[in-house]
Amino acid sequence: MPHRSAQRIGPFALTRTLAWLRICAIAGQSTAVLVCALWMHLNVPLLPLLIGIGVLAVFSVFAAWRLTQPWPLGEWEAVGHIAFDTLVLGYLLYFSGGASNPFITLLLVPIALSAAALSARAVLAVAALAGIAYVLLLYRHVPLPMSVHGDSPNRFSLHVAGMGVNFVISAVLLGFFISRLARVLRLQQLEVQRIRERALRDEGILAIATQAAGAAHELNTPLSTMRTLLPELRREHAGEPTLSEDLELLESQVDRCRTILREMVAFGKAQLSQEPERLRLDQFIHGCLERFQLLRPEAELTVTLDPELAGTVLRTPPGLRHALINLLNNAVDASAANRSDAIALEVSRDGSWLQLCVRDHGPGFDDDPEITALGHSHKQTGLGIGLALAEATAERLNGELVAGNTGHGARVCLRLPLAVIAEK
C-alpha cells in the first residue's frame, strides 16, 4: 500500500509539454528550410526564416529556465508561451506562402493541447489567437516559389507531399503529447481518489478517537470504585487462597486499565504538542516489546535488529509505538489461527528507509484491495482498526505500509524515511 505523489495536469504540465514540442519544432523547421533552400533549390527567404527559428530557440532556452524556478506557473503565463509560439509560427508561415502552406494546420496543435489542460476561457483565447493568425495569413504573406495553381504537375505533387508530411507530423505530435497529458490526468484522478479515501479513513479514526475519549472519561469512575473495593475484599477473604489470588489478578488488571487511561491522556497531550520523543532505535524497540509482552505474554517473539542501526537516534511521534504494537498484536492473532505463537520482528535499513517488518505464521492475506480499510478485519473478533491506524501513522511520516504473503504466513512492513524520522 505505498503511496506516491501524482503529477497534476494544468499549466505547468502543459508548459513542460510545450517545451519538448518546441524543441521538436526547431529541429523540424530548420531541417525543412535547409532542405528547401539547399537541396530543392527553392527561392525561399532563407535569412528571415532562420531568424524566426533562432528567436524561437532563444525563447526555448528561456522557457526551460522558467520551468526550473520555484514560483508557480499560472494559466495565463502558459497562454503567453502559446501566444509566442503562435506568433513565431505565423511569422514563418508569412515568409513561406501563408495559408497556402500545407503546414498551416499546425496552428491547431496549441488549441488541442490547451484544451486538455486549461480552462475554457484560456482555450478560447488560444483559439482566437490562432484564428486571427490564420485570417491574416490568408491575405498577407510572401508567396511560395511554387504555387498550387502552377502549370507543372510536379508543383501540385510537391504540395500534396507537403500535406502528407504535415499530416504525419500533426498525428504524431497530437498522439504523443496528448497521450502524455491524458496520463497525467489519470494520475491526478487516482490521486484525488486516494486523498478522498484517506479523508474518509481519517474521519472514521477521529470518530473512534472521540468515542474513546468519552469512554475513558466515563470508565475512570468505575475503575476507581473497583480499585477501592478490591483490597477490602482481599482482606475479608484472606483465608481463601484461590479467591484471594483471583482478587489479586483482578486488582492488577484494574491497575492496568487505569494505566492505559493515563497513557491515553498523555498520548493526546503529546499529539497536540507535536513534540516527538527522542530515543535510540534499540531503546524504542525495547520499550515497544516490553509493553507488547505485557499484552501478549504467550507470544514467542524473535527480534532481529541491525547493529549498525541500533544507535540511531529517532524522533518518534507518539503514534509510532502504537502502530508497531498493533502490527505485533495482529501477527500473534494470525499465527494463533494456525496453532502457533511464533512471530518475528525485523528492523533493518533499505537505502534511505527504516523498515520495521513483522512476520507471522498465519494463513496470510487474501487478494483484498481493502486490506487496510477502516473497519475491515480478517479476524472474527477484530475491530478492523489496527492496520488502518498503522497506515495512517506511516502516511503522516511520509512513509508507507506494505503487506504481502511469504508462503509461510504474512509479512507487514512499516517503511519510514530516515530523513524524516532520524535525528540529524
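# Helix pairs and a disulfide

Visitor: What is the helix content of residues 107-136, and how far apart do the span's end C-alpha atoms lie?

Guide: Those end C-alpha atoms are 13 Å apart, and the span is 83% helix and 0% strand. Bear in mind that this is a predicted model. For residues 20-39 the figures are 100% helix and 0% strand, with 28 Å between the end C-alpha atoms.

Visitor: What feature does UniProt place at both of these stretches?

Guide: The unreviewed UniProt entry gives "transmembrane region" for residues 20-39 and 107-136, and also for 46-66 and 156-178.

Visitor: What makes the contact between helix 1 and helix 2?

Guide: Helix 1 brings residues including Phe12, Ile23, Ile26 and Val33, while helix 2 brings others, among them Leu49, Ile53, Leu56 and Phe59. Sorted by class, that contact has 15 nonpolar, four polar and two charged residues.

Visitor: How do you know how helix 2 and helix 3 run relative to each other?

Guide: Same test. The axes of helix 2 (residues 46-67) and helix 3 (residues 75-94) cross at roughly 165° and come within 9 Å. With the cut-off at over 145 degrees, helix 2 and helix 3 are therefore roughly antiparallel. Helix 2 passes helix 3 in a left-handed crossing.

Visitor: Which residues of helix 2 and helix 3 meet?

Guide: From helix 2 come Pro48, Ile51, Val55 and Arg66, among others, and from helix 3 a set including Glu77, His81, Phe84 and Asp85. By class, twelve residues in this contact are nonpolar, two polar and three charged. Leu49, Ile53, Leu56, Phe59 and Ala63 of helix 2 are listed in this contact and in the one with helix 1.

Visitor: How do you know that Cys357 and Cys413 form a disulfide?

Guide: Two cysteine sulfur atoms have to be within 2.5 Å of each other. Here the S to S distance is 2.1 Å, so the pair qualifies under that limit. The count for the model comes to one disulfide. At 110° about the S-S bond, the link is right-handed.

Visitor: What does the Cys357 and Cys413 pair tie together?

Guide: Cys357 sits in strand 5 (residues 353-360) and Cys413 in strand 7 (residues 410-417), so the pair ties together parts 56 residues apart in sequence.

Definitions and conventions: Residues numbered from 1 in each chain as written. Predicted model: local features only at pLDDT ≥ 70, side-chain atom pairs only at ≥ 80, totals over all residues. Heavy atoms only, no water. Axes fitted to C-alpha atoms, helices over the stretch in contact; angles between N-to-C directions. Helix = DSSP H or I, 4+ residues; strand = E, 2+ residues; numbered from the N terminus. Parallel < 35°, antiparallel > 145°, perpendicular 65-115°, else oblique. Left-handed = near helix turned anticlockwise from the far one by under 90°. Contact = heavy atoms within 4.5 Å. Nonpolar A, V, L, I, M, F, W, Y, C, P; charged D, E, K, R; others polar. UniProt positions renumbered as here; feature names shortened; annotations may be inferred.
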